[in-house]
2 protein chains.
Amino acid sequence: MLLDHILKPRAVAVVGASTRPHTIGNDLLKRLLEYGFKGHVYPVNPKGGEIEGLRAYTSVSELPDGVDLAVIVVNAKFVLSTVDECAARGIKGLVVISAGFKETGGEGRELEEALAAKVRANGMRMVGPNCLGVVNTNPNVRLDACFAESLPVAGDIGFVSQSGALGGGILNILKDLNVGFAQFISIGNQADVNAETALEYWENDPDVKQILLYMESIPDPANFRKLATRISKKKPIVALKAGRSAAGASAASSHTGSLAGGDRAADALLKQSGVIREMSLKDLFSTAKVFANCPIPKGDRVAIVTNSGGPGIMATDAVCEFGMQMAPISDETKAELRSFLPAAASVKNPVDMIASAPLEHYRRTVETVLADPNVDMVMVIYLPFLGLKDIDVAGELMRIRADHPEKPIVGVFMTKSEFFQQLSEMKVTVPFYMYSEEAAEAFCRLNQQRLWQARPEGVVPQRPMDEDRALSIFKAAAAEGRRELTTRESLEVLDACGVRTCRSGMAHSEAEAVELAARVGYPIVMKMTSKSTSHKTDVGGVRVGIADEAQLRTEYQDLLAKLEAKGLLEGLEGVIIQEMVKSKRELVTGIATDPQMGPMIMFGLGGVFVEVLKDVAFRIAPLTDIDAQELIRSVKAVKLLEGARGMIPAQMDKVEDTLLRISQLADQHRFVKELDINPLMVSDKDGEPIAVDARIAIDVDAVKAL
Amino acid sequence: MLLDHILKPRAVAVVGASTRPHTIGNDLLKRLLEYGFKGHVYPVNPKGGEIEGLRAYTSVSELPDGVDLAVIVVNAKFVLSTVDECAARGIKGLVVISAGFKETGGEGRELEEALAAKVRANGMRMVGPNCLGVVNTNPNVRLDACFAESLPVAGDIGFVSQSGALGGGILNILKDLNVGFAQFISIGNQADVNAETALEYWENDPDVKQILLYMESIPDPANFRKLATRISKKKPIVALKAGRSAAGASAASSHTGSLAGGDRAADALLKQSGVIREMSLKDLFSTAKVFANCPIPKGDRVAIVTNSGGPGIMATDAVCEFGMQMAPISDETKAELRSFLPAAASVKNPVDMIASAPLEHYRRTVETVLADPNVDMVMVIYLPFLGLKDIDVAGELMRIRADHPEKPIVGVFMTKSEFFQQLSEMKVTVPFYMYSEEAAEAFCRLNQQRLWQARPEGVVPQRPMDEDRALSIFKAAAAEGRRELTTRESLEVLDACGVRTCRSGMAHSEAEAVELAARVGYPIVMKMTSKSTSHKTDVGGVRVGIADEAQLRTEYQDLLAKLEAKGLLEGLEGVIIQEMVKSKRELVTGIATDPQMGPMIMFGLGGVFVEVLKDVAFRIAPLTDIDAQELIRSVKAVKLLEGARGMIPAQMDKVEDTLLRISQLADQHRFVKELDINPLMVSDKDGEPIAVDARIAIDVDAVKAL
C-alpha cells in the first residue's frame, strides 16, 4: 500500500488540465496519454469541453468512480479547495505540481502547513507541492505524470529527487545513458511524502533493485537512518547530497525551502546507514549504471584485459587508488592465455593482448580470466585498431556476460562517442565507460556494497549507568543557571556513566591523603588548594611523581612546613590527590550537537594535532558497537593505538566502550549539548584510556523541565 | 629548426609503402594523400610500380632532391640499412614506425642503440622507433604521417604521446570533443626525439598555444625540469603521467621499454616545473578544452549563473572544493539583475534566474555579471526547460564571449549528448561541460596556470660551506669502507654545511667540562662515556637540565664520587657536554635518492607522526628558494611552525635555509645517497631549527673515486 494510490492508480484525474499548448496542464495530460497509461485518464477543467480528445469534467465531484490519483496543477490558492473536493470524492492519492508554498516563505509556508494538515486529516498521501511529478514504468501501469523533457526508459531504479528541475535533468541524462528506472518521485517541498516514504515503499518492491536519491536536506535523520540501514542491506542506496560547502549550504537554504545541515553530520549519517554517497552527478550515473548491470562480487580482486599497454597501466593505477587489489592470476590461467596469445602479449595482470587482438582473442581471454578463482571482477579495455569494431567487441562482452552472470564485467571503450550513442538505442547488459577511472570507481562501488552487506548489523548496547548520580549533577548546575559544568562535575558525570576517569579526591590531613592515595594508586600528584594560591610555586604546591606512602608523607610534611614558614598555613583548604597518568598518546572524544542531525560522537588524535591535522571523525549517536569500531578505525592515528613504533597497544575494547558510553549519554539525555574529553589519555602502563580533563555543556532549560 | 625536417618537410618519402590494403605501408600513404600534404609524397618499394596513383621508387637512393623526411615502415631488420641510404641521399628527418627494438629486449635493445648512434653520427633527427607517427595541421603543411583512426582536426595543441596506441585513442577523442591540435608526435621508444625535444621545438612556435604530454617515464629529469620550468611560464604544459601505483609502475616497466620512476619523485618534478598534472584522460581532455577556449583569468573569484537551484548548489560546492572563491557580487550588479529578473530569482551568487529564464535573461545576466569587477570567471548552467533550446543558449554564450574575450566563460549544459554531438561539428569558442564539477576543475586549472605565471622564478642559492671539512669526513668513512656515517660524523658534515646542529663536545676534566659548557650554552646535558657503560644508570651517567656552572661542577664531582665508590673511575673516558634543546615540535628532513630522478629533499612532521600520519612532502634537488618555501608550506604541520595554539613561531627563514643547504649538499655531492635529520627540533626558546640527530649514507665507491 503506502503509495499505491499514487504510483499504481487505477485511474488518474488531471485537475487543471488545459487545451493551451506548452502549459503544464496540457503537457502533463499529453504525457499521460502518450506514454500509454493503462488506466483511465480524466481531465478536470471548470470550462468542461474536450481536452486532448477526452471529455473534460468541470469539477472533481463529477468524476467517475475508481480515481486513485489526482494530479493537481491549479494555482496555489485553489489547491486547498481542490483537495477538499478530492477527499469528498474518495480520492486518496495526490500529486501537487503547483508552486507557491513553503519555497516562497511567509504565507506560502502557512498555506503548505494547512495543506499538509488537510492531507493527514483525510488519510490521503501527497507528493509535493512544488514538484515535477511521478513516474512508474511498470508495463502494467505505464504512468508518466511528470513534465520532464523525455519519455521514461524502463529499468530497475527507484529515484527520488528533492530538486524538480535537477530531477528532470537527471531523467534526461539517464535516458541518454540507457539506464532505465522503475519509479520516480519528485518530492518537491516534501510536505507529506519524502525520501523515507519512498525507501519504505520500495523496500520489498521487486521492480526496484536500486535506489537513487538527490537530497539537499534530510528532515528526519533518525528515521532515515533506521530505514536506510535496513533497506541498504537488501538493495544499494546511492545518494547525492548537495550543499557540502558552507557556500553551497547557504545556496541550498534558499532553494526549495530547505535548510542544509552541516555536511560532516550528513556524511556520517549516510556512512552509518550504508548509503553510498556520490559527490557529483557524473559519479551518480556511473554507479547507477554498474548496479543496473552487474552482480555484487565475491571479493575485490580485479583482472584487467586490454589491447593496449598505456590504458592498462592507467587502469591498474585506478584500481589500486580505489583500494582494490589486482587479481593474482593463477599459473594455469597464464599458461592457458599463453597458448593462444602472441609472444609479444603480456599474460600477467593487466593482460595485454596487444593491438593485433582479434575478436576471438577478446572472447577467449575474457572467458579464461573469468574462470580463474583468483579473479572477482574483470575490466575489459578496448582501443580502436584497424579492423576490429567497437560494437562487435561490445556484443561479444554481452554474450560472455550472459553465460557468466556471477562475476561483474565492465568495458572501458576509448572510442568515439558514436559508440555510446549506438549503445543508447540497444538493450545493454554490460556497463561501458569511456575511461578506466570511471570503471574502477564503479567496481569500487560494487565492492563497497559487498562490504556493507557483509558488515554485521551491530547493536546499540545499553550499559548500566548511575543515572541518579549523573542527573543530580546536571540538576545542581541547572539550578544555578550554569550551562557549563566544571571539570570536576564533568568528570563525575563521566564516572557515573562508567567512563574510566583520572582518579582523584580531596584530603584534609596527612592521614586522609595517605588513605586516598592508596585508593587512587601510586604514582600520584599532590596539588595544594589554598585561598592564597598565588604563592603556590613558592611552597611547591604541585608535587608530581610521588611514588609511595613514605614519599607522600615526606612531601606532605614538607609542604606544611613551608606553608608555616611563610605564614600561609591557615589558607590551606586541603590537597587534591590525583592519579598520575603517563601517556605519549592523547586522544580526544566527545559530543557535538548538529542542529539537523542531533548529537554526534567525535573521535580523534588529541593535543595540538587536533587543530592542525584535523585527524578526527564523526558518527551520529547512538553508535552501534560496529559504528564505534569503525569510528576508531577511520582516523589515521589508529596505528598509534594499535602499537606503532613499539608502543604498547591501547586497550581497544575500552576505547570502544568509552565511545559507546558517551553515545548512550548523548542519546538518552538530549540536553547534553556538548562534551569534550580532552585529553583521553592512553596510559603508557597498560594502554587503558583515561579521561583526564572534560567539559560538558547542557541545555539549562531542558534540564529544569525534567 | 630542430624538428623542421620532420614536422615541416618539403617532401616526404614513405619507405615500405605498399599496395596491400590494411597494411601500415598502405594506410600511411593514403593518409598523407587524403589529408592533402602540401609537398611531394614519394612511395618507396623495391618492387617499384605504382602505389595509390604515385610512381613508386625502388630505393631511397633513386629519390628526387628535396626530401626532408623519410617515414620508415619496413621490417626492423632493414631499418639500419634504410637509414644509411637516407643519410647518403641527404635526408635529415626520420620517423621510424617499425617495431622490434628496445621493447622486445635483448637483441632489439642492441639494434636500437645502433640505430640511435647512426642517427646521431649522420646529424639526423628521428622520431621512434615503435611509434604511431607525426602530424602537423598547419594549413601550409598538412602533414598526417600517422596511422591513427581519424583525420586530424586543426587547433593549437602540441601533443606528445609515449604510448602509440593511447596517442591514437586520444586523437580520436579530441576530435570527438572538437578540440583540435597543431602538432602531434608519437615518440615511441624515444631513441632520439623525446618530450623535451618537442617542448623546446614548441617553445616559440606560434601554432602551439598549449602542450599536452602523455608520459610513462621521464628519461632526463634535469633537462625536462629546466625546459618545462621555462616554457610553462609562456604556455600551459599539461601532463598525464601513468604508472602511479606500484602495480601500475610494474605494468609500465614492461611496456614500451620504459622503467617507471617512483611516483612521488615524478610528482615533485612536475610540480616544481609548473606542469599541470592530470590523473586521468578525462581530466586531460577537460583541461585541454578550457585552455583552448579561455584566457588566463586575473583572479580566482567565480560567479555562477543558473536556471535551476540544485545544479547551482552543486556548482558552488565544486568551486569551493577546488579552492576558489565564490565572487562577492557587488550591490550595483545585484540591483541591475533585480531590475529585469523575476522576483523569485536569486541575485546573489549563485545567480538563479529560475526555470522560466528566456534567452534574453541569459544574455543580460551573463553580461551584467561579467562586467562586475569582483568577478574573474563565469560559469553558466543550463538545464532544458520547455521552450529554451540548448544550442541557442550555447550560441548566445559564444556571442558574449566574442565581445568579452578578457574573462573566462564556461558552460555547464545538463542536456542530451546530442547537444555535444552537435557541438563537435561546429566552430566552438566556449568550453561546454556536462557537469559542474568538470567546469570547476577546468577553472581551477586556469587559476593554477595564473598562479604559476605569477610565481617568482626563484634562484638556487649557493651558500658558503666548509667543503674541505665535509669531504675529509666522507673520505675517512669511505676509506674504512663504511656506507653509513656515525651520528657524530653526520652532524659534523651538517655543521660544515652551515646547518645549525645541536652543539656538543667531549671533556676529560672538570675544567674542560666547564669551558665546553660555556661554549655550548646552558642548560646542558652531561653524558658519561665509559668502558663500563653497563653501570651508567647506577651512577647517574646521564644528567639532564644542568642549569649553570655551579650545578655542573656539583654534578661532575658527584659523578666522579659515585664512580670511585663503585671502583669504576678508571673506565671513564670523559663526558659529553651537549646543548639541551627543548622542543615541542620535532621536524624531519633529509635526502632520498630516486633511481630515476636523483636526489630529493624530504620535509615533514617528525616523531611518531612521520610513519603514522605521513605528513611529509618531497621536492627534487636542487631547490630554489621558492621551492623551499613551497615545500615547507605543503605539509599540514606548517601551522604548528607558524605558531598555532600560542606556541612561538619557528624561524621560518632558518628552516628554509636548512633545506637549501642540504639541497646544495645533495646536488653537488651526488655520492650522498641518503640523509635523515630526525629530529630537526624547533627550539621552544626562540624557534630556531636545530639538527639533533642525523644519519648519512654514501656511495663508498664514488667517494673513493674522487
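Through which surface do the copies, chain A and chain B, meet? In this predicted model, 100% of the interface residues of chain A are also interface residues in chain B, so the copies meet through the same surface. Chain A can be superposed on chain B with an RMSD of 0.1 Å by a turn of 180° together with a shift of 0.1 Å along the axis, and the two copies are thus related as by a two-fold rotation axis.

**Confidence**

For the complex, the predictor reports an ipTM of 0.82 and a pTM of 0.87. The pLDDT of chain A averages 91, and 96% of the residues score at least 70. An exception is the stretch of residues 254-261 of chain A, over which the pLDDT is below 50, although this stretch has 28 contacts in the model beyond near neighbours in sequence. Where pLDDT is low, the predicted coordinates should not be read in detail.

**Domains of chain A**

Chain A is divided into domain 1 (3-291), domain 2 (295-454), domain 3 (503-580) and domain 4 (585-705). Between domain 1 of chain A and domain 3 of chain A, the C-alpha centres lie 70 Å apart.

| Helix pair | Residues | Axes come within | Crossing angle |
|---|---|---|---|
| α3(A) and α4(A) | 76-88 and 106-121 | 10 Å | roughly 10° |
| α7(A) and α9(A) | 221-231 and 263-272 | 9 Å | roughly 30° |

With angles under 35 degrees counting as roughly parallel, the crossing of roughly 10° means that α3(A) and α4(A) are therefore roughly parallel to each other. In their contact, A:A76, A:V79, A:L80, A:V83 and A:D84 of α3(A) meet A:L111, A:A114, A:L115, A:K118 and A:V119 of α4(A). By class, the residues of this contact between α3(A) and α4(A) comprise eight nonpolar, no polar and two charged.

For the other pair, the axes cross at roughly 30°, and α7(A) and α9(A) are therefore also roughly parallel to each other. Here A:P221, A:F224, A:R225 and A:T229 on the α7(A) side meet A:L269, A:L270 and A:Q272 on the α9(A) side. The residues of the contact of α7(A) with α9(A) divide into four nonpolar, two polar and one charged.

Conventions. Residues are numbered from 1 along each chain as its sequence is written. Chains are lettered from A and ligands numbered from 1 in the order in which they are written. This is a predicted model: local features need pLDDT of at least 70, side-chain atom pairs count only at pLDDT 80 or more; totals for chains, interfaces and linings use all residues. Side-chain values use heavy atoms; hydrogens and water are left out. pLDDT is the predictor's confidence in each residue, from 0 to 100. Contact means heavy atoms within 4.5 Å. Axes are lines fitted to C-alpha atoms, for helices over the stretch in contact, and angles run from 0 to 180 degrees between N-to-C directions. Helices (H or I, at least four residues) and strands (E, at least two) are DSSP runs, numbered from the N terminus. Angles under 35 degrees count as roughly parallel, over 145 as roughly antiparallel, 65 to 115 as roughly perpendicular and the rest as oblique. Ala, Val, Leu, Ile, Met, Phe, Trp, Tyr, Cys and Pro count as nonpolar, Asp, Glu, Lys and Arg as charged, and the others, Gly among them, as polar. Domain bounds come from an automatic or database domain assignment. Copies are superposed by least squares on the C-alpha atoms of residues with pLDDT of at least 70 in both.
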